[in-house]
Amino acid sequence: MTRRMLVAGNWKMNGNRAAMAEVQAIAAIAAAQPAVDVAICPPFTLIEAAATAAGAMPIGGQDCHAADKGAHTGCISAPMLKEAGARLAIVGHSERRADQHETSTEVRAKAEAAIRHGLMAIVCVGETEAERDAGKTLDVVGAQLDGSVPAGANAAELVIAYEPVWAIGTGRTPSVDDVGEVHAFIRARLRALLGGEGEGVRILYGGSVKAENAAELLGVADVDGALVGGASLTAAQFGPIIEAAAKISS
Ligand code: PGA
């Protein structure tokens, strides 16, 4: 089974209108690497401008509410994302699981809402440092998958991102053996949850991916791309990661 690599940028609460020049520059790099899928998820306020700047490159949201509309102050729904020009949504990022106390049940409902409205959902999972030290990584990731993966999802509409919480924004990454172990575990769990479709679902690695370590991490079996935070903010840093994915895909 060949899966197209996906390199997605998560801008978190960063960026402004001036950064649309970076979106354009990233889109140009992406256009030169047709074997790889590339996407950027900027803050909600920039989605419309980014979708215009990006041309063919997909733009996504960093969250979406499970409901289509209603009394949910400060939240954004999947149809709103869609109307703004988004084509995907990250759900269940560890920063939201921690800061907004999102449970896997809520994350699944958000992923279902995204998919229902034609957005590809990137569902994030990953263990904390304490959980890894306690030898609970696979238990934690397995429980998050069981709780967060929508039943019956297909490989075109669902992506999983494995992001060890302790590797996000820290400059630390797991060893390639540890990444391989977790990704193989996720693949097996996706097969159990989704049958044959689980074979095609892409599993991204995220957490301190940079130009310097991208080739090594993307070369691990069952790593089908990367979810990149800090290093996705500029074309100068994100470009080499896209190119590393393209090299592996060729
Ligand atoms: P980082 O963030 O690349 O800055 O570590 C990754 C993420 O949180 O998606």
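How far is the sulfur of cysteine 64 from the closest cysteine sulfur, and in which residue does that sulfur lie? I began my notebook with this question, and I note at once that the model is predicted.

**Entry 1: cysteines**

I looked up cysteine 64 and found its sulfur 10 Å from the closest cysteine sulfur, which belongs to cysteine 75. A disulfide requires sulfur atoms within 2.5 Å. The separation of 10 Å is therefore too far for a bond. I then started from cysteine 75, and its closest cysteine sulfur is the one in cysteine 64, again at 10 Å and too far for a bond. My count of disulfides by this rule is zero.

I also recorded the surroundings of both residues. Cysteine 64 is buried, and its relative accessible area is 0%. Cysteine 75 has a relative accessibility of 40% and counts as partly exposed.

**Entry 2: nonpolar cores**

Next I examined the largest nonpolar core, which has 71 residues. The members that touch the most other members are Val23, Ile26, Met57, Ile160, Ile186 and Phe238. Helix H10, residues 235-249, gives the most to this core, namely seven residues. Apart from this core I found another, of 13 residues, including Ala8, Leu88, Cys124 and Leu204.

Leaving aside residues up to four places away in sequence, isoleucine 26 touches Trp11, Val38, Ile40, Met57, Ser232, Thr234, Ala235, Phe238 and Ile242.

**Entry 3: helices H9 and H10**

Two packed helices are described by the angle and the distance between their axes. I looked up both values for helix H9, residues 211-218, and H10: the axes come within 9 Å and cross at roughly 25 degrees. Angles under 35 degrees count as roughly parallel, and H9 and H10 are therefore roughly parallel to each other. The crossing of H9 past H10 is right-handed. On the H9 side, the contact is made by Ala211, Ala214, Ala215 and Leu218. On the H10 side, I listed Pro240, Ile241, Ala244, Ala245 and Ile248.

**Entry 4: helices H7 and H8**

Which residues of H7 and H8 meet? I first noted that helix H7 covers residues 137-148 and helix H8 covers residues 176-194. Their axes come within 10 Å and cross at roughly 35 degrees. This crossing is right-handed. From H7, I recorded Thr137, Leu138, Val141, Gly142, Leu145 and Asp146. They meet Glu181, Val182, Phe185, Ile186, Arg189 and Leu193 in H8.

Terms used. Residues are numbered from 1 along each chain as its sequence is written. This is a predicted model: local features need pLDDT of at least 70, side-chain atom pairs count only at pLDDT 80 or more; totals for chains, interfaces and linings use all residues. Side-chain values use heavy atoms; hydrogens and water are left out. A nonpolar core is a set of buried Ala, Val, Leu, Ile, Met, Phe, Trp, Tyr and Cys residues joined through side-chain atoms within 4.5 Å. Buried means under 20% relative accessible area, exposed over 50%, partly exposed in between (1.4 Å probe, protein chains only). Helices (H or I, at least four residues) and strands (E, at least two) are DSSP runs, numbered from the N terminus. Contact means heavy atoms within 4.5 Å. Axes are lines fitted to C-alpha atoms, for helices over the stretch in contact, and angles run from 0 to 180 degrees between N-to-C directions. Angles under 35 degrees count as roughly parallel, over 145 as roughly antiparallel, 65 to 115 as roughly perpendicular and the rest as oblique. A crossing is left-handed if the near helix is turned anticlockwise from the far one by less than a right angle, and right-handed if clockwise.
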